[in-house]
Amino acid sequence: MNWDQIQGKWKQYKGQAKVKWGKLTDDDLAAISGNRDQLVGKVQEYYGLTKENAQAQVDEFIQTLPPEAEQARGASHR
């Protein structure tokens, strides 16, 4: 899954981001609005991480998102 897909479905994924990074507020998640750089910045700020570590956590988060929504949508168009 690429970041454009995540950004397009941010409303669905922001709850999962809040579970992973509990210090993020609902206002933070709304302001991030699927923007990867803003998410990295907030994770870095709240958790005192280096930019590289924050980016690695965000990349890891992307890998944990379920792809089945994409597969189900693709199957329904056949």
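This report walks through the helices of a predicted model and the charged pairs that link them.

**Ground rules**

Because the model is predicted, local features need pLDDT of at least 70 and side-chain atom pairs count only at pLDDT 80 or more, while totals for chains, interfaces and linings use all residues. Residues are numbered from 1 along each chain as its sequence is written, and side-chain values use heavy atoms, with hydrogens and water left out.

**The overall picture**

Let's start with the whole chain.

How much of the chain is buried? Of the 78 residues in the protein chain, buried ones make up 26%. Buried means under 20% relative accessible area, exposed means over 50%, and partly exposed sits in between (1.4 Å probe, protein chains only).

Contacts tell you about the fold too. Take the contacts in the protein chain with a separation of 6 or more: 48% of them come from residues 24 or more positions apart. A contact means heavy atoms within 4.5 Å.

**Two helix pairs**

Two packed helices are described by the angle between their axes and the distance between the axes. The axes are lines fitted to C-alpha atoms, for helices over the stretch in contact, and the angles run from 0 to 180 degrees between N-to-C directions.

First up are α2 and α5. Their axes come within 11 Å and cross at roughly 130 degrees. That makes α2 oblique to α5. As for the cut-offs, angles under 35 degrees count as roughly parallel, over 145 as roughly antiparallel, 65 to 115 as roughly perpendicular, and the rest as oblique. The crossing of α2 past α5 is right-handed. A crossing is left-handed if the near helix is turned anticlockwise from the far one by less than a right angle, and right-handed if clockwise.

Which residues make the contact? On the α2 side they are Tyr13, Gln16, Ala17 and Lys20, and on the α5 side Gln57, Glu60 and Phe61. The residues of this α2 and α5 contact divide into three nonpolar, two polar and two charged. In this scheme, Ala, Val, Leu, Ile, Met, Phe, Trp, Tyr, Cys and Pro count as nonpolar, Asp, Glu, Lys and Arg as charged, and the others, Gly among them, as polar.

Now for α4 and α5. They pack at an angle of about 120 degrees, with their axes 9 Å apart, and are therefore oblique to each other. Their crossing is right-handed. In α4, Arg36, Leu39, Val40, Val43 and Gln44 meet Lys51, Ala54, Gln55, Gln57, Val58 and Asp59 in α5. The residues of this α4 and α5 contact split into five nonpolar, three polar and three charged.

Asp37 also lies in helix α4, and with a relative accessible area of 60% it is exposed. Asp37 and Val58 are 21 residues apart in sequence, and 9.6 Å apart in space, C-alpha to C-alpha.

**Charged pairs**

Side chains of opposite charge can pair when their charged atoms come close. A salt bridge is a side-chain nitrogen of Lys or Arg within 4 Å of a carboxyl oxygen of Asp or Glu. How many salt bridges turn up in the whole structure? A search finds five, including these:

| Pair | Closest N and O atoms |
|---|---|
| Lys18 and Asp26 | 3.3 Å |
| Asp28 and Lys42 | 3.8 Å |
| Glu60 and Lys20 | 3.4 Å |

Glu60 lies in helix α5 (residues 51–64) and Lys20 in helix α2 (residues 10–20), so their pair ties together parts that are 40 residues apart in sequence. Glu60 is partly exposed at 47% relative accessibility, and Lys20 is partly exposed at 34%.

What about Asp28 and Lys42? Asp28 forms a salt bridge with Lys42. Asp28 lies in helix α3 (residues 26–32) and Lys42 in helix α4 (residues 36–47), so this pair ties together parts that are 14 residues apart in sequence. Asp28 is buried, with a relative accessible area of 10%, while Lys42 is partly exposed at 24%. Salt bridges that share partners join Asp28, Lys42 and Glu45 into one network. Leaving aside residues up to four places away in sequence, Asp28 touches Lys23, Lys42 and Tyr46.

Definitions and conventions: Helices (H or I, at least four residues) and strands (E, at least two) are DSSP runs, numbered from the N terminus.
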